[in-house]
Amino acid sequence: MSKNFLTYLYLLSPLHTGGTAQEGNVVGIAREAHTNFPYLPSSSTRGKLRAEVDFDPQDPDAEIKARIRRIQLFGPDLKDLQDSGFLEYYEMETDRKLAQLEQGSIWIGDASILWLPVPSISHGVIWISCPLLLQRWTRQRYGKQINVEEYSSNLPNKGTLYLKDATIPGNKLVPFPDGKTWNDFVPNSTEMSINSVLVVPNRYCETLIEMSLWRQVKVKLNEYKVVTDGSFRYEEAIPPDTLMYFPWGELSKPQNNGFQPLENFKTLLAEHQIIQFGGQESLGRGFVRQWTQTD
């Protein structure tokens, strides 16, 4: 496996991550089994990026070239294997025979939360994370785990910090680890609003995230514009201005036609800096700005 890369997702609108869990009248989102933190499954990211491989309508061969590019990056689907004419063309163009479902040249991991905004009556909005989430990220970002103390913050350690239902005395706040600043734990981007951060204890993080999720009420109306019985429900979403990231890399796989998966995938990401996840595009939901760490 080659070097890993990190691609960041800054949420421009609420993101419903496609979970299937439903408790009572709440339509839940995908959550990690061991932490209960919301996340974006890698299958969602992979499927969306696969769909973003587009073609130039002015080029008569562009559509089939895009189809080959999808397979080389993400692997074939059943429609590809059932199309005998395409399989012959694929073998001729790539010098490889396609006979079964197989993985592509790029692997993509689940997208984790790094910083999530929480309302504060004393400071407006504060982005929270926790030692567990930061340790996970530093292993990916720096290749080693960096331990960040609870209550590390860039806020002044005076007064009282009111965070949702939590009250934190200012004298509890501490600086980030020696030799590091809060900026070392927030990826560079000129198009983010993150400026006030706080590392809360692991035991409080899940509760604060849970209380900060968006919950949209939905009902179904009949032909008389009356709410249908049993249609009332809440739909959860990760709030906008949340920062997430997913790791990805190249798999060791022979390429017979000079195809370069790594550069090709980087180009695909660079061509689609704004991506929409989920099925609520018409409502303006699920839009994210993405960029890849290059150093």
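Analyst: This is a predicted model, in which local features need pLDDT of at least 70, side-chain atom pairs count only at pLDDT 80 or more, and totals for chains, interfaces and linings use all residues. Residues are numbered from 1 along each chain as its sequence is written, and side-chain values use heavy atoms, with hydrogens and water left out.

User: At what angle do the axes of H2 and helix H4 cross?

Analyst: Helices (H or I, at least four residues) and strands (E, at least two) are DSSP runs, numbered from the N terminus. Axes are lines fitted to C-alpha atoms, for helices over the stretch in contact, with angles running from 0 to 180 degrees between N-to-C directions. The axes of H2 and H4 (residues 84–94) come within 11 Å, and they cross at roughly 75°.

User: Which residues of H4 make the contact with H2?

Analyst: Contact means heavy atoms within 4.5 Å. From H2 the contact is made by Ile 64, Arg 67, Ile 68, Ile 71 and Gln 72, and from H4 by Phe 86, Tyr 89, Tyr 90, Glu 93 and Thr 94.

User: How are H2 and H7 oriented to each other?

Analyst: Angles under 35 degrees count as roughly parallel, over 145 as roughly antiparallel, 65 to 115 as roughly perpendicular and the rest as oblique. The axes of H2 (residues 62–74) and H7 (residues 261–271) come within 10 Å and cross at roughly 115°. H2 and H7 are therefore roughly perpendicular to each other.

User: How many cavities of 30 Å³ or more does a search of the whole structure find?

Analyst: On a 1 Å grid over the protein atoms alone, a cavity is a set of points where a 1.4 Å probe fits but cannot get out, and its lining residues have an atom within 4 Å of a point. Grid points are joined across faces, edges and corners, and a volume is the space filled by probe spheres set on the points. The second largest cavity holds about 40 Å³ of space, and the number of cavities of 30 Å³ or more found in the whole structure is 2.

User: Which strand supplies the largest share of the lining of the second largest cavity?

Analyst: Among the residues lining the second largest cavity are Pro 14, His 16, Trp 214 and Arg 285. Strands S10 (214–218) and S11 (233–237) each supply at least two residues of this lining. The largest share, 3 residues, comes from S11.

Notes: 1 Å grid on protein atoms, 1.4 Å probe; cavity = no way out; pocket = protein on both sides within 12 Å on 5 of 7 lines; lining within 4 Å.
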